[in-house]
Amino acid sequence: MAVSSLETGAPVEPKRSRFRLSEKWLAPLLLAPSLIALFVFVYGFIGFTFWVSLSNWRSATRDLSLRDPIWTVYERLFQMPRFQADLRNIVVYTILFLLVTVVIGLGLAIVLDQQFAGKPFFRFVFLFPYALSFIVTGVAWRWIFNPEIGLNLLFEQLGLNRVLGWFGMGPFKPGWLTNPTVVGDMRTWFPGMDGLFAQMGIPLAMIPVTIAAVWQLSGFAMAMYLAGLGTIPMEVREAAQLDGASTMQMYRQVILPLLKPVTVSVLIILTHVSLKIFDLIYAMSGSGPGFATDVPGIFVFEQTFRATRYDLGAAASIVMLVLVAFVIVPYLARSVKEL
Amino acid sequence: MATSLPIEPAPRRPRLGSVKRIIGFGLLFLIVIFYLMPLYVMIVTGLKEAAEVTGSTMWRIPTSLSGGGFGEAWRRLSPNLITSIKLVIPATILSALLGSLNGYIFSKWQFRGSNLLFGLLLFGMFIPYQSILIPMLQVLRWLGIYGTLPGLILVHVIYGLPITTLIFRNYYANIPSELVEAARIDGAGMLELYRRIMLPLSIPAFVVVGIFQATNIWNDFLFGLTIITNPNDQPITIALNNLAGSFSVAWNVVMAGAVLAALPTALVYIFLGRYFIRGMLAGSMKG
């Protein structure tokens, strides 16, 4: 075509404009199958789930008539002691998990930012769990936290309990995932909370869950920070060192502020992963003793597929979605605006 | 006035003092033990005979090398391993191909509103899948593919679109537009351009997306659990969870099963770690 236009000397404009016109529609047309499928499967389905949450579908037989009054199921949901415990658990877990994962991830990244032998090996080890499924992780850690055969036995065999005995302390034998204890109760501090049925404290069984999740995902935080550290130019470090800053000072006062965008990304991604947690807990402990490790993800699954309370399961899943959207939508909106 | 020579220190990475270094290495050593412990537990327990997985010998290494629980785990889980392979390969290839085409259009053929559509598409990878399960299962039933592998493949392809599109879009955005313009002046159409110029340049992106998606789909639990009802047809993660949940199965078999379920993604990580990390950072998400 280029050759022929040269020969005739005439501009190819008319032809090209027709060409362009068809291409103008070709772009959206080629996207259409993917986009329509995805939008149906995401927005259409969310809309349907929301409808189910407002409906009378309370058994195995489908009933999509709307309930009267329409928000009944949400009122019921938030009054259920179990769901209150779920919200408590997910908040406690998210805070603990974020704190530990970010601190360990950043710490490991800074260590691996130094020059020493065997660095690739360490990086390899710390990121390894990320490649495994939550089910594998859950199965392994369930064994480790089994009070009879796991860590407790190892502590006993290593003589830890004998050492504790010298100091007049009892043997260290936590129940881990089997421990129903909830420490503290916010209801006694905040008068507005006394209408809640679940004890608003820290469920101890959530700690082993957090440890397993940290094991799996701290490598991700480390990799994000390492990538961030890699983008900081050598000159910045040199300038800090020339100014007489110690290594600690340099990291605290120069590098850490520069890593803020990485921290924001890590926090947002990990928060949304944490709010959605399901597989890991399902494999480790399920709902736990007295719902000590129950979370919305498990609640939805059990209400929908075990109890066939479709309305209740749908409502809880919408609550999950709203929680995730609070974190993700601003992040996404900002990213897309920057395009 | 100081008259020192203007010799600047050679650029070097920061180093810690020697005492701190020893403490640091001690800590690092403990952390490495923490990271390796579950792997040790899985492999060592899996290699033991049932008789050794009791009481005081729990943490010891196996006394014989007979394969321990692996034989039994393989016998129970091999159908599910094959299901997972049959699921991962087509689902990964399809979602990568579609993601590549979408990414190409979103990066090189932007139109009015395309960025908004892209944003709406991306939201799909963050949603908790619990919030779409009920209608999804209804639609699969209506299509006649509920409980079947094609149904599960379809679901993985569709929900894989956001992440594959994102990785390809970012990859193509770095391919100079001049290259596209030059080919356009030669009269190449949109699809020809894609086939002749973009696809041949996309091999690294396909490797990254392929590894990322294959790992994600292999490790999925919720979709496999809700879509496939027949235990023999369920993917490996669901089968492993069932195995771990049945009280009649000894721990050595469960742990051997966990190793079997972990092995494919672990091998990918060991041999293709570089691409694995790239996909992880590009996607910046899990779950």
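**Entry 1: two domains in chain B**

I began with a distance: the centres of domain 1 and domain 2 of chain B, taken over C-alpha atoms, lie 32 Å apart. I keep in mind that this is a predicted model. Next I noted the bounds. Domain 1 of chain B covers 19–57, and domain 2 of chain B covers 72–283.

How many residues does each domain of chain B bring to the contact? I found 9 residues from domain 1 of chain B and 7 residues from domain 2 of chain B. I then sorted the domain 1 side by residue type. The side of domain 1 of chain B that touches domain 2 of chain B has 5 nonpolar, 2 polar and 2 charged residues.

**Entry 2: where chain A meets chain B**

I turned to the two chains. On chain A, 79 residues are in contact with chain B, and 74 residues of chain B take part. Which element of chain A gives the largest share of that side? I looked it up: helix 2 of chain A, residues 13–54, supplies 18 residues. The side of chain A that touches chain B divides into 61 nonpolar, 12 polar and 6 charged residues.

**Entry 3: chain A as a whole**

I listed the secondary structure of chain A and got 15 helices and 2 strands. Then I checked its overall dimensions. The C-alpha trace of chain A spans about 100 × 70 × 40 Å along its principal axes. I set the radius of gyration beside a reference. A compact globule of 339 residues would come near 20 Å, but chain A has 27 Å.

How much of chain A is buried? I read off 40% of its 339 residues. I also looked at how contacts run along the sequence. I took contacts in chain A between residues at least 6 apart, and 67% of them join residues at least 24 apart.

**Entry 4: one residue, A:L54**

A:L54 sits in helix 2 of chain A, the helix that gives the largest share of the side touching chain B. Is A:L54 buried or exposed? I counted 22 other C-beta atoms within 10 Å of A:L54, so A:L54 is buried. The cut-off for buried is 20 or more.

Which residues does A:L54 contact, leaving aside neighbours within four places in sequence? I found A:L66, A:R67 and A:I70. I took one of these further. A:L66 is 12 residues from A:L54 along the chain, and their C-alpha atoms are separated by 5.8 Å.

Note on methods: Residues are numbered from 1 along each chain as its sequence is written. Chains are lettered from A and ligands numbered from 1 in the order in which they are written. This is a predicted model: local features need pLDDT of at least 70, side-chain atom pairs count only at pLDDT 80 or more; totals for chains, interfaces and linings use all residues. Two residues are in contact if their C-beta atoms, placed from the backbone, lie within 7 Å. Helices (H or I, at least four residues) and strands (E, at least two) are DSSP runs, numbered from the N terminus. Ala, Val, Leu, Ile, Met, Phe, Trp, Tyr, Cys and Pro count as nonpolar, Asp, Glu, Lys and Arg as charged, and the others, Gly among them, as polar. Domain bounds come from an automatic or database domain assignment. The radius of gyration is taken over C-alpha atoms; the globule rule is 2.2 Å times the number of residues to the power 0.38. A residue is buried if 20 or more other C-beta atoms lie within 10 Å of its own, exposed if 12 or fewer, and partly exposed in between; C-beta atoms are placed from the backbone.
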